[in-house]
Structure formats: C-alpha cells, structure tokens
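Open the model in your viewer and keep the sequence panel beside it. This tour goes from the whole chain to single residues.

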Amino acid sequence: MRCVICDGSGCKECNETGNFDVMKCPLLFYSREIDEILAAADLYLDHGLPVVGTCQMDQAYNFTEVCRFVRRDIAYWKNKLGIFG
Ligand SMILES: [Zn+2]
C-alpha cells in the first residue's frame with residue numbers, strides 16, 4: 001500500500017520504500033472518531049465549514065493535516081479510477 005505519510009516518495013515511516021505492507025484488515029482500525037473526523041474534513045473541504053466557529057488560522061494543526069491527507073487521497077483515487085470533476 002502506498003505510504004500515506006510521504007505519498008510514495010519514501011520516508012522514515014516506510015523505511016524509504018514508499019510503501020508499507022497491510023497485515024490486518026484496515027477496518028479493524030476504523031472507529032467512530034475516524035468517521036467523525038472524516039465527516040468534519042468533508043464539510044471543511046467541500047463547504048469551508050470549520051469544526052469550530054472561527055477562521056481557518058484557529059484550526060488545530062492536526063485537523064488541517066487530516067484535511068490535507070483527505071484531499072490528497074481523494075485526488076489520488078479519482079485519478080486512479082478516472083473520475084474527473
Ligand atoms: Zn513513507
């Protein structure tokens with residue numbers, strides 16, 4: 001599986017391979033919290049709605065990192081599946 005940290009370019013998390021082996025079903029790691037953060041990222045990316053009623057500069061660093069990851073992953077899969085728009 002493509003490394004989600006470096007997007008396949010190689011980093012210390014994937015031992016510079018750009019990939020990592022999936023040894024367990026990813027759904028085993030799925031939780032309600034992940035669902036909530038993905039829903040918040042979806043609202044933020046599609047509608048610009050932040051988690052709290054302030055501007056983007058006040059958002060927690062981790063939330064904006066999640067949004068960057070989600071945006072990159074959506075673009076990757078749209079490109080891979082030939083979905084445009
Ligand atoms: Zn990596």
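Contacts come first: of those in the protein with a separation of 6 or more, 21% join residues 24 or more positions apart. Two residues are in contact if their C-beta atoms, placed from the backbone, lie within 7 Å. This is a predicted model, where local features need pLDDT of at least 70, side-chain atom pairs count only at pLDDT 80 or more, and totals for chains, interfaces and linings use all residues. Residues are numbered from 1 along each chain as its sequence is written.

Colour by secondary structure. The protein has two helices and zero strands. Helices (H or I, at least four residues) and strands (E, at least two) are DSSP runs, numbered from the N terminus. Buried residues are 4% of the 85 in the protein.

Select residues 32-47. This is helix H1, with 16 residues. From first C-alpha to last, H1 reaches 22 Å, close to the expected 22 Å (1.5 Å times one less than its number of residues).

Now select residues 61-81, helix H2. Pick Val66 in H2. Val66 touches Ile37 and Ala41, leaving aside residues up to four places away in sequence. Val66 and Ala41 are 25 residues apart along the chain, yet their C-alpha atoms are separated by 7.1 Å.

The cut-offs are 20 or more other C-beta atoms within 10 Å for buried, 12 or fewer for exposed, and in between for partly exposed, with C-beta atoms placed from the backbone.

Finish at Thr64, also in H2. Thr64 has 15 such neighbours, so it counts as partly exposed. Its C-alpha lies 8.3 Å from that of Ala41, 23 residues away in sequence.
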